[in-house]
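Subject: A structure for you to explore

Hi there,

Here is the structure I promised to pass on to you. Please open it and have a look around before you read the rest of this message.

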Amino acid sequence: MNKQTIRERLLASTMIGGAALAAFTAAPAFAADDQPAQVKEVVITGSRIPQPGLTSTSPLSVINDQEVKLQGTTNAENLVNSLPQVFASYGSEVSNGSTGTATVNLRGLGTKRTLVLIDGKRLMPGDPALPVADLNQIPATLIDRVELVTGGASAVYGSDAISGVVNFIMKKDFEGLRIDSQYGFYQHNNDDAQSQAINKAHSFPVPSGNVTDGATWDFTAVLGASSPDGKGNVTAYAGYRNTQAVTENKRDYSACSVATFNNNPHVCAGSSTSFPGRFTGVVLAKQPSKTVDNSGNLSPYSGAANAFNFAPYNYFQRPDERYTAGAFAHYQVRPWMDVYSSFMFMDDHTVAQIAPSGIFYGTTVNVNCDNPLLSAAEVAQFCTAQGRGGTQDTQMFIGRRNVEGGPRQDDLRHDSYRLVLGAKGDFADAWTYDIYGQYGTTVYSENYLHDLSIVKIGRALEVVNVAGTPTCKSVVDGSDPNCVPYNVFRANGVTPAAVAYLDTPGFKEGSTTEQIVNASISGDLGKYGMKSPWAKDGVGVALGAEYRREALDYRTDAEFQSGDLAGQGGPTPSTHGSFSVKEIFGEIRVPIVQDAPFAKDLALEGGYRTSDYSSSGHVNSYKVSGDWQVVDDLRFRGSFQRAVRAPNISELFTPQALGLFGGQDPCAGGAPTASLAACQNMGVTAGQYGSIIQCPAAQCNALFGGNPGLKPEESDTRSYGVVFTPTFIKGFSATVDYFDIQVDGLVGPLNPATAVALCTGGNTTFCGFVHRAATTGVLFGTGATAGFVTATNVNAGFEKTKGFDVEVNYRTNFSDWGMGDLGGLHFNLVGTYTKTLATQQLPGSAIQDCVGLFGATCGTPTPKWRHKFRTTWTTPWHMALSVDWRYIGSSKADICTPASAGFGGPCLPNFPDASIKSFNYFDLSGTWNFKDGMQLRAGVNNLFDKAPPIIDSSNFGLSSPPFGNGNTFPQVYDALGRTFFIGITADF
């Protein structure tokens, strides 16, 4: 066997999991006789205590850099999203509501409950609107490995490590010049018969045949040099990535927005805010809706025939351009001091595009009856028939798309800077130390284009005749001399001047800042005789302290703050704030018995962290774990962890303001639906009961926003596992781990309708959230006398998940089976069985378990079983070929789940979205070292071009945004067809 480095030994492996992690060094790990070289002490994610051959006491998965090459990925989120423990989150295929960031969501407990590290140190928040780590800041080419730890790790790392930790270990100590470049694109054959038919039934353009698009080009240069004395190294890098857009009309299954009506198969549907428009008079009673032609003639509006197909405008994949640069450096200035630093920079620019804005149907607008733009038929329908005429205003619902102004575009840019400076080393023989300071900031700007102003729409619809010229009333009275009439009353009546007047951009900008100072020491107390009489290794300890300050500045312009933009759904306030935390932490590892019968290694670990937040007070986190290696073949492990998540700045300090929620007051009207006793619990007096006015249009007031009084979330994680490394099966290892995570005191907005319903039902805990107008008792109004329901962020409810992680590795050589020198095979299976993923939003409300479900409540699918199974053949001809089998289990629509389980089912027979079948994807890739220092890689993901499941968008879920797009779930399934990639790495 040729000599190999440890890194090279791992190239054929994608996961290490339960096996002990050896140090990554440049020295040969295995000599020709296959004898192991000396292994250094290492620190694994989940503990700060270095130990020789340490195995994690928590479930641990490791992805090495070969997996990056075999997947052909150029972004970090796709790398980790391939693991069965990771759930859908923000990425390049989210457009409507996108933040332009890429995030990770372990166990389905939310991105804000997953802690992201780079080289064991926090990655700062990447966006002031979504203050969690942005994986766009991590260049995939520089990833050496990724370590994922399941469950709470706050005792070691602090806040946010509730569902787990994702630690990106970057390549350092590089020498020479490396050029890495990769090109990839999507290919799909549009041949779905049903999609072709339903589009043609509506005369919608639909693609057919072969299509290639969505190209991504990635280039990275790495330059490294060591000092002549061998004490230091500088590794610098620069990278560029360009991703091309794909619109939904490029795939037959997303060319129109599908829907289900009366339990029939999917049909093309769309929005009632349409073109040339939908018009309904609402003065006396809601009239049948009409649409118009070029002459102003009216005809009945048909949802099936006239709904607006918004799909062709929407991006299936956002265009993106990213620049990265940085450096990692260290130098041993003294035998006991190694000074190190790192700097990372990213500039990412992306555009999210969705369908045109407009006058959105359902919002009442005023139109004067003497408006010269109205045809005689329109005056008769919307004025005369509604008892209005002359100069009077009539009230209407108008749904009309701004097709003349083009699609809405959200131009997003993030610039991030991360600097670490520290020193580490050994002292007094038994001790090591690490002291560092860290500064990270992300600067954000967002320019929202081609939306319309609600105020200007109102002015542009109020038009009078001035000397034969239609003129805005606001021009006549001087309140807005720039107003241009908006002629939506004829199909092609809108002028470019009207579009230019109404087109109103919105602007946001801001930044996040994170500052950290950390000092820690770790020691082997065995050097002082502190060890068990039955163990050879001494007690290990780690102690430290940390100060962290986070600040957020999120500024929105007047258009966003006022809610004047028609396509935004309401106001977006500015947010400013900061908090700091002071922490002291410690760990201990006690080997109890070693090298004894049935106790090859028995050890206990403990950890504790006390944290004092300026925003949310004092909180503690801790862990207790054990590790029992019975014999060389068998190891058991278990742990209990108390983890915390302090509320972030947005949750604390978003300004509070009155808004509307859909619902009715059970204490209003002459015959209230709630009893007098229940209403008195909500502040109603006996005199008011039976005479309170109902909320207008079934919309009551609620007070939304942040809450400075929030407390940290707390979670308990229990995990138990077994590691099987049989000596009688060479090259085989397997781990099975059970996890049980429950998060209490969830931070989130209180649902005002649920709070009222729970209070009415006798749960008086929520009655105090109802604040009625003192005199009238109503739940609406404006100003200081308004009634409302408090819907600010609160600590309430819980979520929990349970399941099993499985990992199996087997490596063998053909020569071991008498088949000659044909190289070797490596098999790797990583799977997760999710037994429970349940949420209770409020105490007393239904507990909803979303395992095996998707839909309006559960959002993206949560299959019971997911796995990836990679088989790699390392040939003797400097080539490696690999096949990866990705399996996603089936799931059912939550609306088809019985009401007894907290949902609305069962659904009707033959409901087309009742379930999503299981999906099997196969990926083929390979590498070829065709010359010293030259490696070519290529591959095809989704080899058989399997189309994604097609789902009515009403079943995408209530998450913000829904992680559904293009009639499917692109963060779960391969939504764009095959992916081809080819790349080269050249070392000089």
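Below is a short tour of what turned up in it.

One thing to keep in mind from the start is that this is a predicted model.

**The nonpolar cores**

Let's begin on the inside. The largest nonpolar core holds 30 residues. Within this core, the residues with the most contacts are Leu135, Ile138, Ile143, Val146 and Phe168. Four elements each supply at least two residues of the core: the helix α3 (76–81) and the strands β8 (114–118), β10 (143–150) and β11 (164–170). Apart from this core lies another one, made of 26 residues, and Val367, Ala460, Val488 and Val499 are among them.

Leaving aside neighbours within four places in sequence, Ile143 is in contact with Asp65, Ala76, Leu79, Ile138, Phe168, Ile169, Met170 and Lys171.

Pro139 is also worth a stop. You will find Pro139 in the loop between β9 (121–122) and β10. Is Pro139 buried or exposed? Its relative accessible area is 3%, so Pro139 is buried. Not counting residues up to four places away in sequence, Pro139 touches Met170, Tyr237, Arg322, Thr324 and Met344. Pro139 and Ala325 are 186 residues apart along the chain, yet their C-alpha atoms are separated by 8.9 Å.

**A nonpolar patch on the surface**

Now turn to the outside. Which residues form a nonpolar patch on the surface? They are Trp817, Met819, Leu822, Trp877, Met879, Leu881, Trp928, Phe930 and Ile984, and together they have about 870 Å² of accessible area.

Met819, one of the patch residues, sits in the loop between β45 (798–813) and β46 (824–840).

**Salt bridges**

Next come the charged pairs. Side chains of opposite charge can pair when their charged atoms come close. How many salt bridges does a search of the whole structure find? The search finds 44.

- Arg548 and Glu550 meet through their side chains, with 2.7 Å from N to O. Arg548 counts as buried at 2% relative accessibility, and Glu550 counts as buried at 12%.
- Glu605 forms a salt bridge with Arg589, and their closest N and O atoms are 2.7 Å apart. Glu605 lies in strand β34 (residues 599–613) and Arg589 in strand β33 (residues 575–596), so this pair ties together parts that are 16 residues apart in sequence. Both Glu605 and Arg589 are buried.
- Arg635 forms a salt bridge with Asp627, and here the closest N and O atoms are 2.4 Å apart. Both Arg635 and Asp627 are buried.

Salt bridges can also share partners, and in this structure such bridges join Lys112, Arg113, Arg645, Glu651, Glu713 and Glu799 into one network.

**Disulfides**

The last stop is the cysteines. The structure holds 7 disulfides, and three of them are described here.

Cys369 and Cys383 form a disulfide with their sulfur atoms 2.2 Å apart. The link of Cys369 and Cys383 is left-handed, with -100 degrees about the S-S bond. What does this pair tie together? Cys369 lies in the loop between β25 (364–368) and α7 (376–382), and Cys383 in the loop between α7 and β26 (393–401), so the pair ties together parts that are 14 residues apart in sequence. Cys369 counts as buried at 8% relative accessibility, and Cys383 counts as buried at 1%.

Another disulfide joins Cys695 to Cys700, with 2.0 Å from S to S. The torsion about the S-S bond of Cys695 and Cys700 is about 105 degrees, so this disulfide is right-handed. Both Cys695 and Cys700 are buried.

Cys759 and Cys767 are joined by a disulfide too, with 2.0 Å from S to S. With 100 degrees about the S-S bond, the link of Cys759 and Cys767 is right-handed. Cys759 is buried, with a relative accessible area of 1%, and Cys767 counts as buried at 5%.

Enjoy exploring, and do write back with any questions.

Best wishes

Terms used: Residues are numbered from 1 along each chain as its sequence is written. This is a predicted model: local features need pLDDT of at least 70, side-chain atom pairs count only at pLDDT 80 or more; totals for chains, interfaces and linings use all residues. Side-chain values use heavy atoms; hydrogens and water are left out. A nonpolar core is a set of buried Ala, Val, Leu, Ile, Met, Phe, Trp, Tyr and Cys residues joined through side-chain atoms within 4.5 Å. Buried means under 20% relative accessible area, exposed over 50%, partly exposed in between (1.4 Å probe, protein chains only). Contact means heavy atoms within 4.5 Å. Patches are made of residues with over 30% relative accessible area and no salt bridge: like charges are joined within 9 Å, nonpolar side chains (Val, Leu, Ile, Met, Phe, Trp, Tyr) within 5 Å. Accessible areas come from the Shrake-Rupley method with a 1.4 Å probe; for residues, only the protein chains shown count as cover. A salt bridge is a side-chain nitrogen of Lys or Arg within 4 Å of a carboxyl oxygen of Asp or Glu. A disulfide is a pair of cysteine sulfur atoms within 2.5 Å.
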